[in-house]
Amino acid sequence: MLEYERVWGHLIMCDFKESVRAAQVICLMTLFVTIGAIGQTAPGEQPNLQGRVTQEQIVNHELSLWGIRLAGLRVFTTPFNKIDGYGDGPMDFNDTVSPGGRPTLQGNGTLLRVNGLDGQTCLECHSLISAATVPPRLGIGGVGGSVTNAMIMPTAIDPADLEDLDMNAGFNGRFANPPFVFGSGGVELLGLEMTEDLQQLRAEALAHPGMVIPLTTHTVDFGTIVADANGDIDLSGVAGVDSDLVVKPFGRKGEFATVRDFDTEAMQFHFGMQPSEVVGTGNDADADGVVDEIRPGDLSALHTFEVTLERPEDEKAIAGGASGLQRFNQIGCAFCHVPVIQTRGQTLPLRFPSDPIDHTTGIYLTVDLTQPPVSFPSNGTGGISVSLFADLKRHDMGPDLSENFAQVDTRRNREFTTARLWGVADTAPYLHDGRATTLTEAILLHGGEALPARNAFAALSDQNRAKVIAFLRSLRTPTEPAKDLLN
Ligand code: HEC
Ligand code: HEC
């Protein structure tokens with residue numbers, strides 16, 4: 001498993017003696033077989049996921065965009081049950097690599113929370129439209145409160161702090177708070193265009209050995225590369241993007257180029273719902289008695305639904321020229337939180353199978369991002385304006401925000417993709433693990449590359465700090481996401 005390439009993990013956290021362990025395995029297998037069998041012999045019960053569409057229907061234009069989005073809404077909001085294929089089958093101690101077979105809490109067969117099998121539906125964790133109102137406004141595609149944080153791939157947990165009594169309950173996995181999915185179509189298109197440019201610059205470097213090529217695209221600076229005469233590229237000057245020069249906006253660590261890539265992992269990690277495009281058609285890889293749990297059409301519909309979800313509409317806040325925005329720019333916040341980035345195009349190609357570098361193959365649908373319900377503004381030069389307040393780049397945020405994920409190095413633990421601040425008024429709690437309950441806390445916790453801007457903020461007069469906060473409070477989430485599908 002390569003660093004962040006897969007969030008899926010297969011961990012056996014028990015450490016009992018061999019003989020005891022063998023007995024436990026048999027016991028667990030019996031339990032899982034019993035639980036698994038419920039799926040097939042449950043008269044009167046049905047899979048919860050209904051109204052599915054096939055990839056063929058989408059490719060052959062048999063469905064309207066609205067119809068595909070509606071099917072995607074169902075995938076996003078259906079609580080999967082065991083007849084749908086929810087969960088993993090028996091653990092296979094001889095094969096801890098293939099998907100399937102995670103332990104569950106007290107052997108309940110359904111949930112672990114630590115390392116997934118942690119929910120039944122996407123909506124469970126993406127349901128807060130605004131945390132700024134009382135009571136909070138609920139809806140589809142929003143952020144999650146702290147209780148919905150995902151706990152990713154730990155091997156050691158010390159909840160009682162027995163190890164060294166330092167008030168630090170040890171946890172060597174990742175702890176992540178759910179962001180919203182709004183406006184993801186514009187973000188995905190921007191990422192694809194940046195990747196195209198970086199690949200082009202890579203080709204230029206190869207064509208001009210010895211020449212230092214700046215990796216600048218869409219106003220964002222990803223460092224430099226230089227090739228030698230043998231066609232080897234020196235990547236030591238690259239900043240904030242993986243060495244494949246593929247921009248990956250999704251996931252707080254910047255691991256996924258498209259929403260679909262993210263979803264493919266999310267289905268397996270959270271629910272043990274296995275996409276046939278990952279495990280093979282007709283293959284019951286998790287041995288839970290269900291095959292083809294998630295089919296290409298389901299993921300295509302889900303992807304279409306997500307990238308057409310309404311976006312935060314921040315143009316007015318920006319055009320208003322609030323003095324808070326001027327301060328925000330002056331003190332260096334906009335260095336990473338770039339207010340607006342322009343794209344070249346207006347249509348997002350949805351692809352399956354997809355190539356991370358060649359974006360012209362496998363296109364089954366194109367989505368015009370200027371059309372409702374996303375309605376990104378045209379920028380007059382053939383593209384759209386994406387007012388995301390971010391740069392789709394990873395930054396070192398210093399030791400205080402560092403994760404202590406056991407599977408990666410210190411540098412990687414300190415890096416996060418710039419949080420997109422559109423809609424930030426409504427999305428508390430803040431930062432990757434939701435540790436900040438106010439905007440001010442979130443800003444003051446910045447370190448590393450963001451330390452100068454953080455210090456400049458701290459040095460502002462009370463009045464000017466309040467102006468920056470007031471500006472951030474004007475950045476709002478969409479009020480009624482997916483409204484046209486719900487009525
Ligand atoms: C248990 C809670 C939970 C469930 C269930 C869940 N998510 Fe998430 N989601 C998260 C967390 C936490 C993150 C951030 C993960 C990270 O950054 O590594 C996230 C991130 C995302 C992102 C990336 C957003 C971005 O801008 O980076 C997308 C897209 C997403 N989820 C879609 C889904 C879909 C689709 C489902 C259902 C298949 C789903 N999620 C189920 C918690 C959840
Ligand atoms: C060097 C790049 C950089 C600079 C400069 C920077 N930030 Fe950030 N900001 C980030 C990153 C990366 C995160 C995500 C950190 C995390 O998830 O733990 C973030 C997160 C935030 C958040 C929390 C958003 C959320 O949804 O959780 C706020 C608010 C914020 N920044 C405001 C500011 C303000 C105001 C300034 C200027 C004083 C600023 N930032 C300067 C990179 C930067």
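**View 1. Leu70, a buried residue.** Leu70 is buried, as 20 other C-beta atoms lie within 10 Å (buried means 20 or more other C-beta atoms within 10 Å of a residue's own, exposed means 12 or fewer, and partly exposed is in between, with C-beta atoms placed from the backbone). Leu70 is part of helix H3, residues 65-77; helices (H or I, at least four residues) and strands (E, at least two) are DSSP runs numbered from the N terminus. From Leu70 to Arg394 there are 324 residues in sequence and 34 Å in space, C-alpha to C-alpha. Please keep in mind that this is a predicted model, in which local features need pLDDT of at least 70 and side-chain atom pairs count only at pLDDT 80 or more, while totals for chains, interfaces and linings use all residues. Residues are numbered from 1 along each chain as its sequence is written, chains are lettered from A and ligands numbered from 1 in the order in which they are written.

View 2. Met153 has phi near 55 degrees, a positive value in a residue other than glycine. Met153 sits in the loop between strand S3 (150-152) and strand S4 (157-158), and Met153 is buried, with 22 other C-beta atoms within 10 Å. Now look at Leu165, in the loop between S4 and strand S5 (170-171). Its phi is near 45 degrees, again positive in a residue other than glycine. Leu165 counts as exposed, with 8 C-beta neighbours inside 10 Å.

**View 3. Two cis peptide bonds.** The bond from Phe352 to Pro353 is cis, with omega near -10 degrees. You will find Pro353 in the loop between strand S11 (347-351) and strand S12 (363-368). The bond from Pro372 to Pro373 is also cis, with omega near 0 degrees, and Pro373 belongs to the loop between S12 and strand S13 (385-386).
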